[in-house]
Amino acid sequence: MKRAIGLFTATAAAFLAFATPAQATSPTPVYFRVGNFNCSIAPDDVVGCDLPQPLPMDFPILGEFGLPWLGPVQHVVIDRPWLPAHPIYPPGTPFTLPGGNPDISEVATSQSMYQKAITHGGTTCLAGFMGDLTCTAKGHSFVVTVYGIHAH
C-alpha cells in the first residue's frame with residue numbers, strides 16, 4: 001500500500017512538473033474581443049487588434065512626444081521590441097477568428113467589477129469598464145478607445 005501511494009505521489013509530481021510549463025506557455029494564440037475591437041496575443045508575445053472602423057493614432061517619435069500617424073489606422077500591433085505599437089496594413093482581419101472572437105470575459109485570466117485582464121506569455125491586455133483596451137508587450141503598449149489609438 002505504501003509503495004502504491006509513493007508511486008502515485010511520484011507520478012503526480014512528475015506530471016505536474018511537466019504539465020505546469022506547458023499550461024503557462026500555450027503554443028497557440030489567444031483570441032478575444034473588447035467591444036468591437038478583435039484582438040489576439042500570439043505565443044511570441046505579438047499582440048494586435050483589428051478595429052471596426054479606421055481610427056486616428058498618435059505615434060511616439062521621441063519618448064512620450066507623439067505625432068499623428070498619417071492616414072487612418074484599422075490594425076494596430078506590437079511585434080518588435082525596438083518599435084513602439086504601430087499600424088499595419090494586412091489584407092483581411094489577421095487578429096479575428098472566422099465568426100468573431102470570444103468576449104474577453106470568456107478568456108480573461110483575472111476579472112474585477114471594473115476591469116478584465118488577459119495575460120498570455122509576457123503580454124497583458126486590460127479591458128476597462130468604459131470599453132477602452134490597453135495592451136502591453138515587448139516593453140511597449142497601446143490604448144485603444146472609440147476616439148483613437150495612443151501608442152507608448
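**Stop 1: the C39 and C49 disulfide**

The S-S bond of C39 and C49 has a torsion of about 105 degrees, so this disulfide is right-handed. Its sulfurs lie 2.1 Å apart, S to S. A disulfide here is a pair of cysteine sulfur atoms within 2.5 Å.

Before you move on, note what you are looking at: this is a predicted model, where local features need pLDDT of at least 70, side-chain atom pairs count only at pLDDT 80 or more, and totals for chains, interfaces and linings use all residues. Residues are numbered from 1 along each chain as its sequence is written, and side-chain values use heavy atoms, with hydrogens and water left out.

Strands are DSSP runs of E, at least two residues, numbered from the N terminus; helices are runs of H or I, at least four residues.

Are C39 and C49 buried or exposed? Both C39 and C49 are buried. Buried means under 20% relative accessible area, exposed means over 50%, and partly exposed lies in between (1.4 Å probe, protein chains only).

**Stop 2: the C125 and C135 disulfide**

Select C125 and C135. A disulfide joins them, with 2.1 Å from S to S. The torsion about their S-S bond is about 115 degrees, so this disulfide is right-handed. C125 belongs to strand β10 (residues 123-128) and C135 to strand β11 (residues 133-137), so the bond ties together parts 10 residues apart in sequence.

Check the surface again. C125 has 0% relative accessibility and counts as buried. C135 is buried too, at a relative accessible area of 0%.

How many disulfides does the count come to? It comes to 2 disulfides. With the bonded cysteines of the protein chain numbered in sequence order, the pairing reads 1-2, 3-4.

**Stop 3: the aromatic pair**

Select Y114 and F129. The count of aromatic pairs comes to 1. Y114 and F129 pair edge-to-face, 5.7 Å centre to centre, with 70 degrees between the planes. Rings of Phe, Tyr and Trp (its six-membered ring) pair if their centres lie within 6.5 Å; planes under 30 degrees apart count as stacked, over 60 as edge-to-face, and the rest as tilted.

Y114 is in the loop between β8 (110-111) and β9 (115-120), and F129 is in the loop between β10 and β11, so the pair ties together parts 15 residues apart in sequence.

Finish on the surface. Y114 is exposed, at a relative accessible area of 53%. F129 counts as exposed at 59% relative accessibility.
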